[in-house]
Amino acid sequence: MGSIRSTSLADQVFDRLEDDIIQGRYPRGEMLTELRLAQELGVSRTPIREALRQLEQERLIESVGKGSRVLGITQEDLVDIMTIRERVESLSTYYAVQNMTMEGLKEVADIVDLQDFYFSRRDAAHLHLVDDRFHDAICHLCGRPVLIDTLMPLLRKTRRYRKISLEDWDRTTQTKQEHFEIYQAIASADAELAEQRMRQHIANAKAHMMKGRDENA
C-alpha cells in the first residue's frame with residue numbers, strides 16, 4: 001500500500017480501510033491493529049484510531065481486546081442493504097426529478113454518454129466507475145440531505161458486488177439499458193416513472209448479486 005498524505009487523515013484513512021474491507025482485501029475474520037495499519041498506510045496511530053472507531057460504527061469491524069476483527073458484509077447484510085436501496089434510491093430518484101436543474105440533467109446525460117462510449121469498447125473497468133457516477137449523481141441531485149446521508153454509505157458498501165456484477169457482460173448490457181431508461185424518464189420530467197424504473201433496476205441488481213454469491217459460495 002502507498003502512504004497517505006492529507007490534511008484530513010482520519011477521513012482519508014477511513015475511506016481507504018472501508019474500501020479495502022468492502023473489496024475483500026481484508027477478509028472477514030482478519031485481525032487489524034493500530035500498529036499494523038499505521039505501518040501499512042504510513043500515518044500515525046491517531047487517525048488510525050479515529051478511522052477504526054468509524055468502521056466499528058459502520059459495523060464493518062468489531063473491537064476484540066487489542067485489535068479489531070473484520071466483519072465485512074454478509075449475505076444477509078447484502079440482502080438488507082439492497083432492499084433498503086430499492087426504497088431509498090428510488091425515492092431519491094423521484095426527488096432528483098422534482099429538483100432537477102439544466103446543469104444536473106446535463107451531468108446525467110454526460111454520464112450516460114460516457115457509459116455508451118466505454119460499452120462500445122467493452123471497457124469493464126471504466127464502466128464500473130461510470131456506474132458509480134450514475135448512482136452518486138442521482139443521489140446528490142435529489143437535494144434531500146437525509147436521503148443522501150442514508151444512501152451514500154449503502155452505495156459504498158455494495159461497490160464490490162456491483163463491480164462483480166458488471167463483469168457479467170449480459171448484466172452489463174442490461175444495466176446500460178436500464179440506466180438509459182431511467183435517464184429518459186428523468187429527461188421527460190416524469191418523477192413517478194423514474195422512481196419505478198430505479199426501483200426495478202435495483203431489484204434486478206439485487207437478484208443478480210445474490211445469484212452470483214450463491215454460485216460462488
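## Cavities

The lining of the largest cavity is made up of 5 nonpolar, 4 polar and 4 charged residues. In this classification Ala, Val, Leu, Ile, Met, Phe, Trp, Tyr, Cys and Pro count as nonpolar, Asp, Glu, Lys and Arg as charged, and the others, Gly among them, as polar. The structure is a predicted model, in which local features need pLDDT of at least 70 and side-chain atom pairs count only at pLDDT 80 or more, while totals for chains, interfaces and linings use all residues. Residues are numbered from 1 along each chain as its sequence is written, and side-chain values use heavy atoms, with hydrogens and water left out.

The search of the whole structure finds 2 cavities of 30 Å³ or more. A cavity is a set of points, on a 1 Å grid over the protein atoms alone, where a 1.4 Å probe fits but cannot get out; lining residues have an atom within 4 Å of a point. Grid points are joined across faces, edges and corners, and a volume is the space filled by probe spheres set on the points. The largest cavity holds about 100 Å³ of space. It is lined by 13 residues, and Asp131, Arg162, Arg171, Thr175 and Ala205 are the closest to its centre. At least two lining residues come from each of α4 (75-98), α6 (124-141), α8 (159-166), α9 (169-187) and α10 (191-216), and α10 gives the most, with 4 residues. Helices (H or I, at least four residues) and strands (E, at least two) are DSSP runs, numbered from the N terminus.

## The second largest cavity

The second largest cavity has a volume of about 60 Å³. Its lining consists of Gln115, Leu127, Val130, Asp131, Leu166, Thr172, Thr175, Lys176 and His179. By class, these residues divide into 3 nonpolar, 4 polar and 2 charged. Helices α6 and α9 each supply at least two residues of this lining, and α9 gives the most, with 4 residues. Asp131 and Thr175 are among the residues that line the second largest cavity, and both also belong to those closest to the centre of the largest cavity.

## The second largest pocket

A pocket is an open set of grid points with protein on both sides within 12 Å along at least five of seven lines. The second largest pocket has a volume of about 240 Å³. Of its 14 lining residues, Glu58, Arg59, Gly72, Asp77 and Lys157 are the closest to its centre. The elements that give two or more residues to this lining are α4 and α7 (145-157), and the largest share, 4 residues, comes from α4. The lining has 6 nonpolar, 2 polar and 6 charged residues.

## Aromatic pairs and charges over rings

The structure holds 3 aromatic pairs. Rings of Phe, Tyr and Trp (its six-membered ring) pair if their centres lie within 6.5 Å; planes under 30 degrees apart count as stacked, over 60 as edge-to-face and the rest as tilted. One of the pairs, Phe117 with Tyr118, is edge-to-face, at 5.2 Å centre to centre and with 75 degrees between the planes. Phe117 is partly exposed, with a relative accessible area of 37%, whereas Tyr118 is buried at 16%. Buried means under 20% relative accessible area, exposed over 50%, and partly exposed in between (1.4 Å probe, protein chains only).

Phe119 and Trp169 form a stacked pair, at 5.0 Å centre to centre and with 15 degrees between the planes. This pair links distant parts of the chain, 50 residues apart, with Phe119 in helix α5 (residues 102-120) and Trp169 in helix α9. Phe119 counts as buried, at 18% relative accessibility. Each ring of this pair also has a charge over it: the charged end of Arg122 sits over the ring of Trp169, 4.2 Å from its centre, and Lys176 lies over the face of Phe119, at 5.1 Å from the ring centre. Such a charge is counted if NZ of Lys or CZ of Arg is within 6 Å of the ring centre and within 35 degrees of the ring normal.

## The sheet

An open sheet is formed by 3 strands in the order β1-β3-β2, with antiparallel pairing. Strands β1 and β2 stand at the edges, each with a single partner strand, so one side of each is left without a neighbour in the sheet. Two strands pair if DSSP finds at least two bridges between them.

Strand β1 (residues 31-32) pairs with strand β3 (residues 67-70) over 2 bridges, and Met31 stands opposite Arg69 in β3. Strand β2 (residues 61-64) pairs with β3 over 4 bridges, and Val70 in β3 is the bridge partner of Ile61. The strands β2 and β3 form a hairpin with 2 residues between them, and Gly65 in the turn has a positive phi of about 65 degrees.
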